[in-house]
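Here's a quick briefing to read with the model open.

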Amino acid sequence: MLGGAFSAPTLMAMNHWEQATSPTIEGAAFSLSDTHRKIVAEIAEMIIPRTDTPGAKDAGVPAFIEMMLKDCYAQSEHLSFTEGLASMEQVKFLELNEAERRGVLKYLEQQTKEKMKAMPKGTPFWRLMKELTLLGYFTSEAGIKASFDYVQIPGKLENIKLKPNQKAYAY
Amino acid sequence: MNLTIKATKNNTFDAVVVGSGMTGGFAAKELTERGLKVLMIERGREIKHIEGYDTAMKQPWEIEHRGKTTNVSAEERWANSRFWGLGSEEVVNHLTNDKENPYIEKRPFDWIRAYHTGGKSMHWGRQSYRWNKQDFEANAKEGIGIDWPIRYEDLEPWYAHVEKFVGVSGQKEGWDVLPDGHFLPPMPMFAPEVHFKKMMTEKLSRPVTIGRIANLTQPQKVHTDLGRASCQYRSKCARGCPYGGYYSSLSGAIPAAMQTKRLSILHDSIVSEIIYDEQKKRAIGVRVIDQHTHAVTEFFAKIIFLNAGSINTAALMLNSKSNRFQNGFGNDSDQVGRNLMDHQLGSGAMASIDGFEDDYVYGQRPNALYIPRFRNWGNDKQTAYLRGFGYQGGASREGWESGVNADGFGADFKKSLTKPGPWSIRIGGFGEILPNPNNRIYLDSEKKDKWGIPMIVTDAAFVENDWAMRKDIIASAVEMLDTAGFKNVTSYDRPTHMGLGIHDMGTARMGRDPKTSVLNAYNQVHDCKNVFVTDGAAMASSSCVNPSITYMALTARAVDYAVKALKKRES
């Protein structure tokens, strides 16, 4: 079902993925190892890379993700997140080149869609990475100011016509 | 603005008002404006208008968890956080810590509380609709509950009085189902909403209007005199508005009462009992427990207004026992605590909207569309349920949040999320709940809170009429979005309990007969005429429109009556 859409590096990564069984992590206070922190930072930066505007790392997203998981998420999410990271470690994510990494994430994205349909107990790793990266970035000072037309006090409410290439307003 | 009363000083006032929220504030304003010296007693902490709104001007990145509820907050606010987003740092200090103020759920009830100056008026939805004539007549016609002792005409001048003071923005429509009031200019509908209104009118003959909301679109002198300014369209109302752009007890009624120099406010003070004098055959005051020191003080007054919020007002009455009222104060009818109502919400439909790509909006509208009741109205007759529901909702352009569920990552994905996304629309129902004596609160016979007051037990749930209506709320929402030509129409039905509408009411109802009701046509306790209940507890039915403006109108009317009666007695 997925095969046709993927490039060679992706398929390679998928092989790695299949070999990586989901390790079971015993529940404990949530914190990340240095390696896991690096993986989180690399994936966040791949979701929101530095372009002509700041990227996820510039906006402090990696630390935000860890803080949010610890403070706002349940143990089932801590488990699915750490399991996801362990799998990334097993495919040696940090040693892969850019194209291979992209392949892994594309595969992960499709696999997560299937997983989500089954209503898993803990939100899957990729989904957590994505929602927290987007939340962390698009609500950060650097992210908001670079991405949107930020207006703290609009002072009025008006129907307007969108100009070509106009950015969204953020408030 | 803060006059703290020394317990040892003169503890006698013309009137005591229990509660500082939507109706307590209005009672204090109306009483002081008529020359009475008033003590307002608030069980929670003091929040000062403007300076007390500690998150109001925070930028998004200054809110540490960016709107999400932390695990700690979810544990402390175990009931409050059942409502969307109420556990987040933006607003959490405006909601009660449930862990410190627990109640017992015999049947689950989502009790949303706000123990502080202004109560829930701090973060109400601000939707302000008059009841219609039928709302007051339906109980009698259908043989449900008991008849209201008043009709629309009795309340009409008081609606006008409240609307002018509060400042309600809205569009006059001339519909019987949703009587027009005194409105400030309406907020605009957005392009797809204009299309939606047109389609509903033409194809389904269902009315659609812009929400009638207590935000100032064009402040009048009565507002600016209190330091209130126009809505700034930030839509961060629940944090408290430093501009006074929306009405709350804090921005409106309390400052107005303060201007008379006749209002004193006591904070952190829980009214535990109404003191009844068996010889004089009337209430002479209230017993108050200090939140922190637990010290007990008594305050005395000629008249007492109970505005603690429906459930707490009923609990206070039930806890006030005397020789005369062995079953609880004013409770000869055994109706105190019963007939607990709310509005059901949490179901409706959403859809995506093709087109309107060039249409956009500057500013955030703190308001929505309103679709008044069309069921069991006019020629419509439902066999599955009585009464009806209204919808609130509206259209907006999607933001970066849509990226969470979309495929993709990387530079192009990032850029795509900086543009306004496609339009989508969502409407959700607010359904009328019927009075039912078995839906109730009562006091636990053994368990007490840390102030030694019996704990409140909630024992209420939706019944068949509610479930049948809910089915139709969903089906009709889908029908309407389909008929408008919108795409990917999806229904939603979030499991909820009673209470989540935050419109709890009915626990000390008005009526004609003291055998079946607690209050008379002027919100006076039948058997103790110097005590008035004018919060939601007074309601004999619930309509389907948001209730605050009706509570305030009842309050103003009752104060007018109470003061006239008092002056007559004293002259």
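Buried here means under 20% relative accessible area, exposed means over 50%, and partly exposed is anything in between (1.4 Å probe, protein chains only). Helices are DSSP runs of H or I with at least four residues, numbered from the N terminus. This is a predicted model: local features need pLDDT of at least 70, side-chain atom pairs count only at pLDDT 80 or more, and totals for chains, interfaces and linings use all residues. Residues are numbered from 1 along each chain as its sequence is written, chains are lettered from A in the order in which they are written, and side-chain values use heavy atoms, with hydrogens and water left out.

**Helix α3 of chain B**

- In α3(B), residues 133-142, the buried residues are B:D135, B:F136, B:A138 and B:N139.
- They sit on the same side of α3(B), because they cover an arc of only 150 degrees around the axis (taken from the directions from the helix axis to the C-beta atoms).
- These buried residues pack against α4 (152-166) of chain B, where contact means heavy atoms within 4.5 Å.
- Where α3(B) starts, B:N132 has a side-chain oxygen within 3.0 Å of the backbone nitrogen of B:Q134.
- After α3(B) comes B:G143, with a positive phi near 70 degrees.

**Cavities**

- A cavity is a set of points, on a 1 Å grid over the protein atoms alone, where a 1.4 Å probe fits but cannot get out; lining residues have an atom within 4 Å of a point.
- Volume is the space filled by probe spheres set on the points, with grid points joined across faces, edges and corners.
- Searching the whole structure turns up 2 cavities of 30 Å³ or more.
- The largest cavity has a volume of about 90 Å³ and is lined by 13 residues, with B:R234, B:S235, B:K236, B:C237 and B:C241 nearest its centre.
- The second largest cavity holds about 40 Å³ of space, and its lining includes B:N132, B:D135, B:Y370, B:R373 and B:C544.
- B:N132 is also the residue that reaches B:Q134 at the start of α3(B), and B:D135 is one of the buried residues of that helix.

**B:L204**

- B:L204 lies in helix α5 (residues 191-204) of chain B and is partly exposed, with a relative accessible area of 21%.
- Leaving out residues up to four places away in sequence, B:L204 touches B:M199, B:E479, B:M480 and B:T483.
- B:E479 is 275 residues from B:L204 along the chain, yet their C-alpha atoms are separated by 9.6 Å.

Key
Helix = DSSP H or I, 4+ residues; strand = E, 2+ residues; numbered from the N terminus. Polar contact = N/O pair within 3.5 Å; in protein donor to acceptor, adjacent residues only side chain to side chain. 1 Å grid on protein atoms, 1.4 Å probe; cavity = no way out; pocket = protein on both sides within 12 Å on 5 of 7 lines; lining within 4 Å.
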